[in-house]
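Please look at the sequence and the predicted model shown below, and keep both at hand while reading this briefing. The notes after them are grouped by topic.

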Amino acid sequence: MKRGLAALAMLGSAALALAAGLTPAQASALGWRVVQVYDETEFDSLSATSVSSAIAAGEQCGHPCGVESLLVRQWNGSTWQRIASPPGSRINVFKSVTAASSPSDEWVFTDATKVNSNMYYSAPLHWNGMAWTVSPRLIGVQANAAVAPSAGDAWVFGLVISPQVGYVAHYNGTAWSHMPFPIETAAASASSASDIWAVGNTLTSDTPVTMHWNGSTWATVPLPHIHLPPGQTYVFAGVTDITPDNVWTDAYPWTGFGVAPGNVLLHWNGTAWARVKVPLPLNQPEAITADGHGGIWMFGYKSATSARSASFYHNRGGRWSRTLVPSTSKHITQLNSLSLVPGTQSVWAAGSILLPGVQQGIGQGGILKFGP
């Protein structure tokens, strides 16, 4: 089941201020800013591993726009350079998910079909710093999330499309193993190979569920009761596993259309999940990541009726602040991914930048950053 703003006629958030150059005032003392814009593209996912390494993946449209091809950009410490896609037959790319542990261990899971074919699959692509290795396609699988805790260890989560069933696959450095999963995973995060969280909802009843991997088994972890209007549930959007006793996941009430009015933020303290109230207007939280200081960054909306209220929400030590996504009068931005730069307090964000009223298609791929 496809949810969120991508399924809402590309409502997006609000964005596009500075492209590349850091003036005026050095981009407000290196606060949130747009650092790169690409025409005819969209970024789905971004994973950072160091100050000089990150990978972003999405789709690029041709001229005129027709088949959408895979787009991969890699940050080398100074520029976002393009990595050529693996050679092969023409494919139509729908979405990509990234995961990485180092510059020589970067994964892209690309959902696609062959041109003029209805065969849907996810292609696991591995970048070793110099070249691609292409694993066997995951036929009939949609990839929603992935983690790579270390070299030779990767997980991809998603959905078998027909008949619909939750799915997870694990790579042990040599081969993939595949198995059903109790949920359609919306997001996953790992602090180590023995501490992985996957969050999502059951396919039969939309029940929210959190799953934990302890290095040997997956287990369902109980959630607190969340009071919502009768007949309403909530769906997970993101999760960030900072340490084994500091995990955050965000969700929103699912109404079926529009920006979801409200939020559900949960914190794991090593023993149990507890709901955390956000003392600021927050509707439909989406991507979430650590802030490098024990806190979190989230992307969401101040207003449930305006895409231009898109904001970054920051919680550090219980102190909350909200910052509007950098914007111009003519564009809106949908952010699909946030990623902390390990060892720093800098954060990357990636998504797409569109003109208001755009109903479909690809606009401009946008990469934003907080900090140096």
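In this predicted model, 4 strands form an open sheet in the order 19-20-21-22, and their pairing is antiparallel. Strands, like helices, are DSSP runs numbered from the N terminus, a strand (E) having at least two residues and a helix (H or I) at least four, while two strands pair if DSSP finds at least two bridges between them.

As the model is predicted, local features need pLDDT of at least 70 and side-chain atom pairs count only at pLDDT 80 or more, whereas totals for chains, interfaces and linings use all residues. Residues are numbered from 1 along each chain as its sequence is written, and side-chain values use heavy atoms, with hydrogens and water left out.

**The open sheet**

- The edge strands are strand 19 (234-243) and strand 22 (273-275), each of which pairs on one side only.
- From one strand to the next the twist averages 20°, where axes are lines fitted to C-alpha atoms (for helices over the stretch in contact) and angles run from 0 to 180 degrees between N-to-C directions.
- Strand 20 (residues 246-253) and strand 21 (residues 264-268) pair in the antiparallel sense over 5 bridges, and Asp-250 stands opposite Leu-265 in strand 21.
- Tyr-252 is found in strand 20 and, at 3% relative accessibility, counts as buried (buried means under 20% relative accessible area, exposed over 50% and partly exposed in between, with a 1.4 Å probe and protein chains only).
- The C-alpha atoms of Tyr-252 and Gly-262 are separated by 6.0 Å, although these residues are 10 residues apart along the chain.

**The salt bridge**

- The structure holds 1 salt bridge, a term that requires a side-chain nitrogen of Lys or Arg within 4 Å of a carboxyl oxygen of Asp or Glu.
- Arg-316 forms a salt bridge with Asp-291, and their closest N and O atoms are 3.1 Å apart.
- Arg-316 lies in strand 25 (residues 310-316) and Asp-291 in the loop between strand 23 (288-290) and strand 24 (296-301), so the pair ties together parts that are 25 residues apart in sequence.
- Arg-316 is partly exposed, with a relative accessible area of 29%, whereas Asp-291 is buried, with a relative accessible area of 1%.

**A buried aspartate**

- Asp-105, whose place is in strand 7 (residues 105-114), is buried yet has no salt bridge, and the nearest side chain of opposite charge, Arg-137, is 20 Å away (Lys and Arg count as positive and Asp and Glu as negative, while His and the chain ends are not counted).
- Not counting residues up to four places away in sequence, Asp-105 touches several residues, including His-126, Trp-127 and Ser-150, where contact means heavy atoms within 4.5 Å.
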